[in-house]
Amino acid sequence: MGKAIIPRVNTASDVKALRGDYSRAAADFSVEQDWDAHSAEEHALFRRLFERQSKLVPHYACPEWIEAIAGLDAGREIPRFDALSRRLRRATGWEIVAVPGLIPDEPFFTHLANRRFPVTVWLRKPEEFDYIVEPDVFHDFFGHVPLLFDRVYADHLYEYGKGGLKAMRLDAVKMLARLYWYTIEFGLMRTPEGVRAYGAGLLSSGGELAYCVESPEPQRLEFDLERVLRTEYRIDRYQTTYFVIESFEHLMRETAPDFTPIYARLRALPALAP
Ligand code: PHE
Ligand code: CO
């Protein structure tokens, strides 16, 4: 039933509560992947996760994700980040940077603003097959990496990273983080085949991927920037509200305006319940 839940890490000291080994991380929180350290059992667990999720995605994932994963020839084992980076650089100029887990806002936004996507190095334990509290390599790879091959999505995420550094200066990260949550993590897209998922938290979830598309329970609202920036989110359950974009071009357009006056205006308004 579970899904990856993504708490925010605000400061370097917050990472102490997290599961990864931050002791060898560089100042930008990057680490070596040490692919050879993964056991055969871990590769097999990754393969099982990949296979379960691969049965769902043809029905529930957006076409851009489906097209990208097909070109990746992935799933047999935990991917090697250096090989992924080589392909990504050619496609959209992005690369993967290995990290111990969640990282604070400033290094996170800085990586994105330099077209580097942080991917967690560790894999969940077998008993966490269905539910994991922090994002692991399966969530980060399966959910996020394929869409970095889409030119428009890739450009949007780069703009988001720059927007994050700006939001830090404006003390508006809390609002901007809601945009990430309701798009990059839990976003839906309208397609000719119906509503499909492009959010990584959905794509990597064994339960919520079908739920977000098929369940009559949640609200599926048209994407509305100001409403998203005001809407709080729950990290410990399936979402009660999803926001639906028309396309990545649509998302790019809607987020292109200068957020400075928007933050100033919304700051005076109450937040909205999830
Ligand atoms: N347009 C936003 C700003 O001015 C930056 C941004 C772009 C944020 C894309 C999110 C996504 O702050
Ligand atoms: Co994620």
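User: Which residue in β6 is the bridge partner of Glu222?

Analyst: The bridge partner of Glu222 in β6 is Val244. The model is predicted, so local features need pLDDT of at least 70 and side-chain atom pairs count only at pLDDT 80 or more, whereas totals for chains, interfaces and linings use all residues. Residues are numbered from 1 along each chain as its sequence is written, chains are lettered from A and ligands numbered from 1 in the order in which they are written, and side-chain values use heavy atoms, with hydrogens and water left out.

User: What makes β5 and β6 paired strands?

Analyst: Strands are DSSP runs of E with at least two residues, and helices are runs of H or I with at least four, numbered from the N terminus. Two strands pair if DSSP finds at least two bridges between them. β5 and β6 (residues 241-245) share four bridges in the parallel sense, and therefore they meet the definition of a pair.

User: Why are β4 and β5 said to stand at the edges of the sheet?

Analyst: The open sheet has four strands in the order β4-β3-β6-β5, with mixed pairing. β4 (194-197) and β5 (219-222) each have a single partner strand, so one side of each lacks a neighbour in the sheet. From one strand to the next the twist averages 40°, where axes are lines fitted to C-alpha atoms (for helices over the stretch in contact) and angles run from 0 to 180 degrees between N-to-C directions.

User: How do you know whether Tyr182 is buried or exposed?

Analyst: Buried means under 20% relative accessible area, exposed over 50%, and partly exposed in between, with a 1.4 Å probe and protein chains only. Tyr182, which lies in helix α7, has 1% relative accessibility and therefore counts as buried. Its C-alpha atom is separated by 9.4 Å from that of Gln239, 57 residues apart along the chain.

User: What makes the approach of Lys166 to ligand 1 a polar contact?

Analyst: A polar contact is a pair of N or O atoms within 3.5 Å; within protein, one must be able to donate a hydrogen and the other to accept it, and residues adjacent in sequence count only if both atoms are side-chain atoms. A polar side-chain atom of Lys166 lies 2.6 Å from an oxygen atom of ligand 1, and the pair therefore qualifies. A backbone N or O atom of Thr255 lies 2.7 Å from a nitrogen atom of the ligand.

User: Which helix supplies the largest share of the shell around ligand 1?

Analyst: That helix is α6, with five residues.
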